[in-house]
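Subject: Structure handover

Hi,

Here is the structure for you to look over. My notes follow below it.

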Amino acid sequence: MSARPRRTGSGVLGVLGILVVAGLMLTVGVAPAIALSASNSGPFALSEDLKIAKLQQKTRIYAKKGGKDVLLASFYVQNRESIKWDDVPASVKNATLGAEDPRFFDHGGVDPMGIVSALVNNVVHGSNRGASTISQQYVKNVCIQEAELLPTQTQVDAAYAECTGGIQRKLKEARGAIALEKAYSKQEILLGYLNIAGFGGRIYGIQAAAKYYYGVDAKDLTIAQAASLMAIVNNPSYLRLDEKANLAANKIRRDYVLGVELKYELITEAEYDAAIQTPVKPKITPTTTGCAAAKSAAFFCDYVVNVVTNDPAFGKTRTERYNKLQSAGWKIYTTLDLGLQSKASAAMKANVPAQSAPGTNLGGAAVSVQAGTGRILSMVENKRYDNTQSKATTGADYTATSVNYNTDTAYGGSQGFQPGSTFKMFTLIDWLENGHGLNEVVQGSTARYPAGTFPCANPDGPWSPGNDTPGEGGYQTVMQGTAGSVNGVFASMAMKLKLCDIMKTSQDLGFHRANGEPLEANPPAILGSNINAASPLTMASAYATIANKGIFCSSVAIDKIVSSDGSKVTPPAADCHRVLPEDVSIAVGYALHGVLTGGTASIDRPALGGAWGFAKTGTTDFAHSTWVVGGSTKTVTAAWVGNVSGDANLRLIKGWSSYGNSAADARHGLWSGIMAANEAKYPGDTSWPQPASQFLYGQKIPVPDVSGKSVSQAKQILKAAGFQVKTGGSTPSDTIPAGSVVSTDPASGSSVVAGTLITLTKSSGQAPTQPTPAPGATATVPVVQGAPIAQAIQTLAGAGFTNVNVTWAPQGGALCLVMQQTPGGNTPADPNATTVQLSVAGDQNTCQAQQQPQPQQ
C-alpha cells in the first residue's frame, strides 16, 4: 500500500490544535498523570509502555556465485533498510534537527517554545509551520504504519484518518511522545524516527532514501545532500527529488534547513556557505521490486516466493505470509547456484528458442537437483519472465510468460506435462520388488488387452497400446526393453503386477499430478498417460532417489532465512527418507545405465564424461512432449520440451531447434548441456555397484520334464510354465518313440529365468546297433561340443565311447551344455582305451536329472 504525503502543519485548524496542546503543556509539568488523558482507541493505542516499533523492511532473496551471496531480488511495500546509530553521520543528525526539531535534546517530548514560535509565524507571516517534535512525529508515523497493515482498504482509510487529524489525535500524539521519552533515550528515538520517516513514494528511512536519491549509503551523505533529503520529509509529494519540477522547491526548503543548522551552531559558517552553493543534483538509483530483477533466475525467484506464501510455517493465511514477504525484512538465502544457472540458461537458449515454431505454442523447461539433499541448483525455461500481461505474454507468438513450466500449479506452475516413458521407471521398480529380474524375457509386441487384464486398474477397459517403432517387439529381456523403451515390454511386465502397486510406488518417490488432483490408475498410466501430467521438478526429485540409492528427498529452494534483527527463521527443510531398499535402487540404476550406454539416451552419454550415469527418455503419443531425465550420483536433471498448448508433433517440426533433426531432439541438447556443467562442478562417482543375482535373474523356474511327450504337448506345458519354446534337431533314442521329445535345452530340472527360450530335441527312433569294437580297433569320436550333457553321453555311447569323464563349470555359461571335449570331434580313437573328457557349463546338482555318470576325481 503506498504511503500518503505527510505535512507537519495544518493551517488555522492546526493552530487551534496547537493552542489546545499548548495549554495542556502547562499542566504536564505539574500533573502529568492527569494531563492528556484522552482514550486510547484506534489502531495504535498510546500508553505508558509504548515501544519502539518494528518497522517494515524489504525482503531480499540471494543466490550463490563463487561462494558469495548475490542479490537476486527484493520485495517491499516500503523500501526501507534500517540502520544502526553508528551508521548515522553527523550530517544527517544535524539536518534532522534543523528540519524538524532543533530543541529535540532539550524538551521532554513536546516543545512549548516551538508551539509558541509556530503560532507567531503562522499568524504573523501566514506560514504553515508545524510544531510537532521528532518524538511526536515518530508516534504519528508508527500509527500510520500500523494502519497501512490492516487487512481491508476501508479499515486502512479509517485508521489513517484517525492517525492524521483531529484534536483528540493531537492529544494522543503528545501523550505518546511523553511516554516514549520516558521509556527511551533521545538517541533511540532519533534513530527510530530516521528509520521510519517517509521520503516519497515507497522510500522509507534515511538509508533507502540515500541509496535511491543519491546512490550512496546514509553514512556517506554530505551536509547538502542530508539537508535536501530531510527537506523531503516536510512534504514528500512536492519535494521528492525524482521529479525535476520539485528540485527548485526542494532547494528552498533545503536552504532553510541549512539556515536552522547554522543558527543553532550545528554546522559552521564555512560549511553552510559551501552547502548553499551546492546544486540539488540527485542520482536516482531505483530498486526494482519483485522477481523480474532476477532476470535469468526470475522463474526460480518466483518459485521461492510461492514456497514462502504456501507454507503455513510463515503465517496462517496466504495474505499474511505475502505481507511478511513484503515487509519482514528477511534475507532469504537460496540453493540456486548462479554459475550453473548461467550455463543452464545458455543451454536452453542454444537448444530451445523462446519463439515458438510457426503455428505452435512450444516450451522448454529444465531443473537440476542435488542428489541426497533435494537442493535445487538451477531452474530454467525458454521464455522470459513477465507477470505484467504485456504484449509479449499474449498471442500465438509470445516469448514471455509468468507461468513456471518447471513446477506445480500451486507454486506458479502449469497444469503439468505428460510424463510418457519416464514413468516406466516406477513399473521397473515394482517389477524388481516383486521378485522379478532384469534378464527375464517377456513379450515386447503389443496387443489389445481386454478389460480385467491389469489388476487394480480404475477405470478399466480394453487398451490397445502400440510400440513407438515398428519391429521393436518380440521376446526380449526387461533390460533390453528398458534400454529401448519398448512399450510392449512394460505392458507385459504390468500384466504380472498390480497397477495400484505401481501407482503407490510412484507416489513413494514423490510423483504427483501438477494440478494437485489424485493420480488415476488406468492402464495407459503404465506408459505415462496424459491424465497424470507432472512437472519437471517432480520428475527430477523422483529420479534423484535412484542416485541416492533409495532415499527420497523432497526438493528445497531455501537454505536459510535471517530476519532483520539477525534471528533465524526456519525455512521448509528437505524431507529425506528411505522409500526403496538400497539393493532395489542399485538394480534400477543398473538398468537405466543401459539407456545411456546402448539405448534411447546413448547420444547423451558423453555429457557425463567419466562419471557413471543413468537416464530415461520419454516421448509421448505423437511426440507432443519429449523428456530426458537422469544424471549421475551427485546431480539429476529433468529436461522437457513440448507443447504448452496445442498438439504439434515435435518430430515433424524441422529447423526450430539448432540441435538434431527435429524439435523432438532438442531435449537431448538441453539435458546434455546442463549435465556437462553440473559434472564439472559436482563430479559424480565413476562406478556403480553390481546388482544382486536375484535382481538380474529374478525367481528362477525349474524346467519341466517333457521327455516322451509329443512336441505339441511339450510346447503347451513349457509355455504354461512361462517359457518360450522352439523345436531343434533330432537324435536317436532306444526308449523314446520317433517324433516325441527326447530332451530340452536347458535340461529338465534346471532352474532358469522366466521367459528363457527352451529348445526341444526330438527322437529320430532307435539307433542302429553298434558292434563292440575289437581291442585296438579305431572309431571316430562324435562332435558333442555345444550339446546338452545327457545328449552328448548318449551320442558318445552310440559310437562306442563309454568311458566319459565330466568336469563342471558352474559359471561357464548356459546350463548343462558341453563347452569343450577331448579328444575333439571327428578324431579317430580306440573306444576301449579312450576316455572322453567333457567340460560342462553348469553344476552337477542342477544337471543330475540327465542321469549322467559321476565325474571321476
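This is a predicted model: local features need pLDDT of at least 70, side-chain atom pairs count only at pLDDT 80 or more; totals for chains, interfaces and linings use all residues.

The S-S torsion of C143 and C163 is about -75°, so this disulfide is left-handed. The sulfur atoms of C143 and C163 sit 1.9 Å apart. The pair links distant parts of the chain, 20 residues apart. C143 belongs to helix 4 (residues 134–148) and C163 to helix 5 (residues 153–164). Both ends fall under the 20% cut-off for buried. C143 is buried because its relative accessibility is 1%. C163 is buried too, at 0%.

How many disulfides does a search of the whole structure find? It finds four.

C291 and C301 form one of them, with sulfur atoms 2.1 Å apart. The link is left-handed, with -75° about the S-S bond. C291 is in the loop between helix 12 (269–276) and helix 13 (298–310). C301 is in helix 13. C291 has 5% relative accessibility and so counts as buried. C301 has 0% and counts as buried.

C553 and C576 form another, with sulfur atoms 2.0 Å apart. Which hand does the disulfide of C553 and C576 have? The torsion about its S-S bond is about 120°, so it is right-handed. C553 lies in strand 10 (residues 551–553), and C576 lies in strand 13 (residues 576–578). The pair therefore ties together parts that are 23 residues apart in sequence. Are the two ends buried or exposed? C553 counts as buried, at 7% relative accessibility. C576 is partly exposed, at 37% relative accessible area.

Next, a helix pair. The axes of helix 16 (residues 424–433) and helix 21 (residues 582–598) come within 10 Å. They cross at roughly 130°, which makes helix 16 oblique to helix 21. The crossing of helix 16 and helix 21 is right-handed. Helix 16 contributes M425, L428, I429, L432 and E433 to the contact. Helix 21 contributes V584, A587, V588, A591 and L592. By class, the contact has nine nonpolar residues, no polar ones and one charged residue.

Then the backbone. The peptide bond from D745 to P746 is cis, with omega near 0°. P746 is in the loop between strand 19 (741–745) and strand 20 (751–752). The peptide bond from T822 to P823 is cis as well, with omega near -5°. P823 is in the loop between strand 24 (817–822) and strand 25 (828–829).

S485 is not a glycine, yet its phi is near 55°. S485 lies in the loop between helix 17 (478–484) and helix 18 (487–495). At 9% relative accessibility, S485 counts as buried. F622 also has a positive phi, near 60°, and is a residue other than glycine. F622 is in the loop between strand 14 (614–619) and strand 15 (625–631). With a relative accessible area of 61%, F622 is exposed.

Best wishes

Terms used
Residues are numbered from 1 along each chain as its sequence is written. Side-chain values use heavy atoms; hydrogens and water are left out. Axes are lines fitted to C-alpha atoms, for helices over the stretch in contact, and angles run from 0 to 180 degrees between N-to-C directions. Helices (H or I, at least four residues) and strands (E, at least two) are DSSP runs, numbered from the N terminus. Angles under 35 degrees count as roughly parallel, over 145 as roughly antiparallel, 65 to 115 as roughly perpendicular and the rest as oblique. A crossing is left-handed if the near helix is turned anticlockwise from the far one by less than a right angle, and right-handed if clockwise. Contact means heavy atoms within 4.5 Å. Ala, Val, Leu, Ile, Met, Phe, Trp, Tyr, Cys and Pro count as nonpolar, Asp, Glu, Lys and Arg as charged, and the others, Gly among them, as polar. A disulfide is a pair of cysteine sulfur atoms within 2.5 Å. Buried means under 20% relative accessible area, exposed over 50%, partly exposed in between (1.4 Å probe, protein chains only).
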